[in-house]
Every structure is written in C-alpha cells, then in structure tokens.
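Good morning, and thank you for coming. Please look at the sequence and the structure on the screen while I speak.

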Amino acid sequence: MSFMIGVDVGGTFTDFSVFNNKNGDLFHFKHSSTPEDPSRSIINGIQHILEKNEIKPEEVVYLAHGTTVSTNALIEKKGARIGLITTRGFKNLMDIGWQRRPSMYDLLQSKPESLIPDGLKCEIEERIMYDGSIKTSLNEESVYNAVRYLKENDVKAIAVCTLFSFINPVHEKRIKEIIIKEFPDAYISISSELIPEFREYTRMSTTVLNAYLGPVMEKYVHNFEQSVKKTGILVEPYITQSNGSVISIEDTIECPIKTAVSGPSAGVIGAVQIAETCNIDKVITFDMGGTSADISLIENGEPTISNERLVEGYPARIPMIDIITVGAGGGSIANVDEGGALRVGPLSAGASPGPACYMRGGEKPTVTDANIVLGKLNQEKILGGRMNVSLDLAKKVIDRNISAHTKMSIENAAKGIISVVNSNMIRAIRVVSVERGYDIGEFTLMAFGGAGPLHACEIAEELRVGQVLIPPSPGTLCSLGLLMADTKFDNSRSDVMIAEEPNLRKVTDIFNELIEDGNEMLEKERIDEKDRSFDCSIDCRYERQNYEIAISVDSEMTVSALEKMVDRFHEEHNRLYGYSNKDMRIQMVNYRVSAIGKIMKPELKKLPVNNKAVIHEAVETRNVFFEGDNEQRVTKIYQRTSLESGCSLSGPVIIEQMDTTSVIPPGWTASIDGTGNILVTKAQGK
C-alpha cells in the first residue's frame with residue numbers, strides 16, 4: 001500500500017484528505033485546529049488517521065501542508081524584528097510608498113503599521129544607474145557599520161534592497177557576503193534574488209515582507225518537519241505556495257512570502273480538477289470556512305493569477321492565485337453597532353471558544369448559530385454525529401446580543417445575520433467577476449469549505465447565476481487540492497523595450513536564461529525531465545502607460561508569435577478597460593517563466609450514471625426558514641452517502657454529510673453526477 005495525505009489548517013478545523021494509490025480509495029477527516037500551535041492539530045490528526053486505518057508510517061509516500069502561519073503573522077504583526085539596508089537617500093521609501101491614499105475619500109484611514117522598528121533603516125554608500133552602470137562603488141565600510149549596528153540592536157532578519165539592483169546585482173551580492181561573514185545568524189532577504197523587477201517601492205516592500213516572515217516560517221516548518229519524522233513518516237513534506245503549487249521545506253524557508261495565501265490557493269487547485277471532470281471551464285470558486293470566505297475565478301480551466309497584491313497594506317510582487325478574502329465565515333460574529341445597524345464579521349469566534357452552539361463557552365452570536373436557529377444546520381449533531389450542538393445556546397446569544405437591541409424576533413434576527421453575511425460575500429464575488437468585465441451568467445458557482453454549500457444557492461440567486469456545483473467533499477476540498485498540486489517556480493526579469501522585431505532575439509535569450517534557472521530548481525526537487533514544462537508570459541503596456549497586462553507567449557519569440565501577442569494585448573486591454581488603441585506602440589516590461597514539475601496525483605473515480613437511481617427515504621424532516629420566507633417549510637433531510645449517481649431531488653431539501661451541509665432552496669433542483677458532485681440548477685434555468 002502507499003498513501004498520499006493533504007493537510008489544510010483552517011481557523012476552526014484542520015482538514016485531511018487521504019488517497020490510497022493502490023485501490024483508488026479517497027477519504028477525508030476533520031480535526032479541531034490548535035491556533036496556539038497549528039502543527040499540533042496536524043500531527044494529532046495524522047496519528048489518528050494512521051491508527052484508525054491501520055496505515056504504517058512508511059506507507060505514506062506524499063505529504064503536503066497548506067499553512068496560514070505567514071498570513072497570521074502578518075495579520076497579528078508577530079513577524080521577526082528586522083532591519084533594512086538600502087542606498088543612501090532611500091531609507092524612508094517604505095513610509096513614502098506610492099503617495100496615494102488607500103481610500104480616496106476616507107481622510108481618517110491610517111497607513112499600515114510599519115514592519116521595521118524605528119532606527120533600524122540603514123543607508124550605505126553605493127549607486128547603480130538605470131542602465132546597470134556603477135556611478136558610486138560600494139563602500140564596504142558603510143556596509144560593515146550597518147550590519148554591526150543591526151546586530152547590536154538584536155534584529156533577527158535583514159532586508160537588502162538597493163537602487164537598480166534588478167539590472168546589476170553586484171552590490172547586493174557583496175552586501176550578502178558581508179552579512180553572512182559578520183552576522184551569520186541573521187535571516188537574509190535580498191531583493192535581486194527574490195524579485196529582480198523594476199519599481200523600487202514594490203521591490204523593497206516584497207523584500208521586507210519576506211524578511212519579516214523568514215524567521216517565523218523557518219521555526220514553524222522545522223518544527224513541523226521534526227514532528228512529522230516523529231510519527232515515523234519518511235517522506236519530506238511539501239508546503240503549498242500562493243500560486244497553487246507545492247515546494248520543499250528548504251524553498252519555503254528561502255521565500256516564505258510565497259506562502260501568504262497558501263491554504264486558499266489549494267482549494268482553487270482542487271476546484272480546477274473538479275471542474276475538469278464535469279467539463280465546466282468557467283467557474284467562480286466560493287470557499288466559505290469558519291473564519292473567512294475566499295473567492296476566485298477560473299476561466300478556460302485555469303485559475304486567474306495576480307503578479308502583485310496588497311498583503312496587510314503592503315504590495316507583494318509574487319505570483320499568487322487571485323483570491324479575494326472577506327471576513328465572512330461560519331464563526332463570524334454578529335453585532336449591532338452604535339447606529340443600530342446589524343453587522344457580521346470580520347471578527348470570528350475561531351476554534352476556541354467557537355460559536356455558542358458548540359458549547360465551548362462562546363457568548364457572541366455567529367453565522368453558525370443563526371443557521372442552526374433557522375434549521376439549515378442540524379440542531380443536535382454535526383461532523384457526521386461526532387460533535388454535539390445546542391439550539392438553546394444559539395437562541396440565547398442571538399436573543400441577548402441582537403434581539404434585545406433591535407426588537408426583532410430571534411428568527412428574524414437570525415435571518416438578518418444570514419442576509420448581511422451573504423451580502424458581504426456577494427460584493428466580493430462581483431469584484432472578481434462583474435467589475436473585471438466578465439459576464440457572471442456564463443459561470444458556475446462552485447461551493448466548498450465547511451459553510452459554502454449552506455449559502456451557495458441563495459448567493460447564486462441574488463447574482464443571477466443559474467448553476468451551483470458542490471464537490472463530493474466540499475469541507476475538505478483545500479486538503480484534496482494539496483493532492484492535486486504540482487510543484488512550480490516563478491522566475492522573472494525586467495527589461496523595458498518596444499514590441500518590435502529587432503528586439504525578438506533579446507527576448508528569446510531572456511526566456512532561455514529563465515528556463516535554465518527553472519530547470520535547476522526542478523532538478524533540486526528531483527523532477528524528471530519528462531515531467532517538466534514551462535509557461536512563458538510578458539507583461540505588456542501601451543507606451544507611457546504605468547500598468548501592465550500579462551500576455552502568454554511562446555519561449556521562442558518569432559515574428560508570428562510577436563504579432564499574436566500584440567493582438568492578444570489589444571483584446572485583453574479592451575476587455576479590461578473598454579478600449580484599445582492599435583496605433584500606439586506596445587512596451588514589453590517584465591518577462592516571466594513558470595517552471596512546472598508534474599507530481600503524482602490521484603484520479604477521481606467516476607461511476608456510470610444510473611438513470612433509474614432510487615432515492616432512499618429521508619432520514620428526517622425539519623422545519624426550516626429559507627430566504628424570503630415568513631414561515632418555516634417542512635424540509636426533507638438526506639444523508640449524502642445515500643444518494644446514488646443519477647438521482648435528482650427538488651428543493652426544498654437539505655443534504656448532510658460529515659464535512660458540510662448543502663441547502664437546496666425551493667425552486668432549485670439537485671442532481672448527482674458520476675463522480676459524486678451535486679449539480680444544483682435553478683428550476684427555470686439561467
């Protein structure tokens with residue numbers, strides 16, 4: 001036997017997916033998270049799985065982990081004490097930023113909290129020009145003085161970002177050598193190694209973020225690696241990157257900023273695989289867990305990649321799956337503000353104490369409490385009967401915190417909580433779709449996470465999306481996605497030039513060098529040559545523009561490939577901004593290569609659809625309030641394991657399983673396909 005394990009740590013539960021390579025069996029498990037030490041819930045869960053299923057540790061051939069450690073360190077400002085070394089005159093760049101307000105009309109909105117303590121920004125004597133020539137040679141004495149000063153001030157990490165080092169990194173390389181010699185215990189983050197691209201503030205910000213996270217992630221992944229070894233598992237674990245791929249422990253330590261949205265990205269990769277089995281190429285992913293909801297868009301079977309995004313107010317120039325996150329989860333806390341308005345989130349009850357209905361001491365009403373009061377969630381047990389819940393406690397906290405301040409009944413207050421949290425998530429879905437020029441009616445909403453299928457149909461109805469897809473194990477799709485991920489390294493370089501034939505040779509040379517770098521990285525990961533592939537793209541813009549659009553290209557730039565790239569740029573510019581100008585020259589700015597290494601992954605079993613499938617008796621009926629209803633509806637409750645491929649159910653229906661509950665409202669029809677997905681369609685169509 002050989003087994004693959006994917007582990008995703010969430011705010012409330014840690015999810016596990018286990019695949020048996022020999023017989024194709026796939027099963028899932030959930031374990032309460034331990035926020036004070038995420039690795040503890042992982043190891044406890046792994047040991048439970050091994051013992052219960054009589055799996056020998058040496059039979060585990062693959063282990064991948066989606067982590068929120070870097071995300072939490074940034075949110076809670078618990079990163080390392082860091083210092084900065086930069087060119088004289090530029091030490092305040094992190095404070096100056098882009099010189100624009102995060103919210104134009106909010107005069108009171110504060111800037112993000114500085115990650116570098118006062119007095120720990122050091123300037124050195126050196127200057128490289130825009131063309132890579134050296135104007136002022138590196139004064140090594142100034143570097144030694146800066147390093148000694150930072151060492152005396154007890155920094156744990158040093159970020160190095162000098163002017164135009166992305167063109168000529170010679171000074172940064174020497175600075176790194178001096179740091180290693182003078183302060184070998186320091187974590188070092190070098191901009192020319194991390195992000196050799198132009199735009200000084202973005203490059204410095206990414207380098208600082210990486211240094212801030214470095215010691216934290218280094219400590220965590222080493223502890224995780226040692227804990228895994230203690231279980232007897234022999235393979236080295238992988239960590240998920242924000243671009244949806246997995247990398248080794250060593251590479252995670254070198255570039256921890258790549259894990260900033262590690263966990264949610266795995267869910268998108270899982271969604272891509274599920275959509276492929278259903279022959280659906282346009283999907284909006286809706287991953288609602290205990291703390292937040294993560295939204296992303298898949299077009300033509302590929303997730304949308306963003307090469308830059310804000311991370312806690314600071315730009316990070318690292319390729320990431322484009323995911324919008326809102327503080328809307330099952331544990332999101334509801335309250336009445338000073339103006340009497342009902343608000344939900346972003347604060348969450350988390351794993352401890354959790355929602356009041358969990359009977360762990362929670363005293364504030366949450367989305368989960370509201371769903372239990374409305375009857376959408378089982379009012380006695382969840383997690384397949386493993387966890388008891390209390391309807392009375394849910395009612396009590398809603399009554400005390402909401403009804404008492406609004407004169408609404410408990411049921412109407414619960415409806416209000418669901419309506420508000422749905423509105424928050426609907427706005428996020430519009431950001432990734434309508435606001436970016438997509439026709440949302442062409443997409444299927446894929447609902448997963450522990451709470452996604454609870455809310456999906458109501459949200460789809462509001463958005464006028466006529467089809468919802470619920471995977472076989474929605475609550476553990478992120479951990480399943482970890483079993484579906486490949487390894488990938490994103491390399492880039494800046495060189496601004498016009499998209500014209502005389503520059504084609506230079507572009508091809510750049511791509512060849514980036515591919516060679518990618519091959520070296522894949523070699524380190526022991527990926528066979530036959531399992532390697534390379535995706536190339538160029539960030540293009542109209543001349544004198546300040547924003548670029550990434551356009552996929554071939555690694556060998558011929559005249560024909562150039563013409564195709566130009567045409568695609570005009571089309572994409574028109575889709576995004578509503579116009580294009582074919583008379584303007586196009587600049588090529590950044591050149592990117594994704595080096596992809598294919599990793600063994602499970603194949604989902606597909607059963608023939610039985611058109612004569614029998615629908616077994618409902619396990620119970622329950623009175624349920626649905627959106628827009630003033631009275632409860634008697635609703636049949638089914639266990640998902642009893643629904644055969646090919647059967648069809650008309651709402652209102654509720655389908656329960658270990659990791660989630662799927663709510664099928666009146667007017668919607670649910671059918672089960674050959675891989676066990678639930679395809680829910682609006683009765684009158686889109």
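I begin just after helix 10, where Gly-375 takes a positive phi of about 90°. Please keep in mind that this is a predicted model.

I turn now to Pro-112. This proline lies in the loop between helix 3, residues 93-96, and strand 6, residues 121-124. Is Pro-112 buried, exposed or partly exposed? Its relative accessible area is 34%, so Pro-112 is partly exposed, because that class runs between 20% and 50%. Leaving aside residues up to four places away in sequence, Pro-112 touches Glu-312, Gly-313 and Tyr-314. By contrast, consider Pro-112 and Val-434: they are 322 residues apart in sequence, and their C-alpha atoms are 29 Å apart in space.

My last topic is charge. Which residues gather in a patch of negative charge on the surface? They are Glu-501, Glu-563, Asp-567 and Glu-571. One of them, Glu-501, is placed in the loop between strand 27, residues 487-498, and helix 15, residues 504-524. Glu-501 has 53% relative accessibility and therefore counts as exposed, since the cut-off for that class is over 50%.

Key
Residues numbered from 1 in each chain as written. Predicted model: local features only at pLDDT ≥ 70, side-chain atom pairs only at ≥ 80, totals over all residues. Heavy atoms only, no water. Helix = DSSP H or I, 4+ residues; strand = E, 2+ residues; numbered from the N terminus. Patch = residues over 30% accessible without salt bridge, like charges linked within 9 Å, V, L, I, M, F, W, Y side chains within 5 Å. Areas by Shrake-Rupley, 256 points an atom, 1.4 Å probe, with all protein chains shown as cover. Salt bridge = Lys/Arg side-chain N within 4 Å of Asp/Glu carboxyl O. Lys, Arg positive; Asp, Glu negative; His and termini not counted. Charge placed at Lys NZ, Arg CZ, Asp CG, Glu CD. Buried < 20%, exposed > 50% of the residue type's maximum accessible area, 1.4 Å probe, protein only. Contact = heavy atoms within 4.5 Å.
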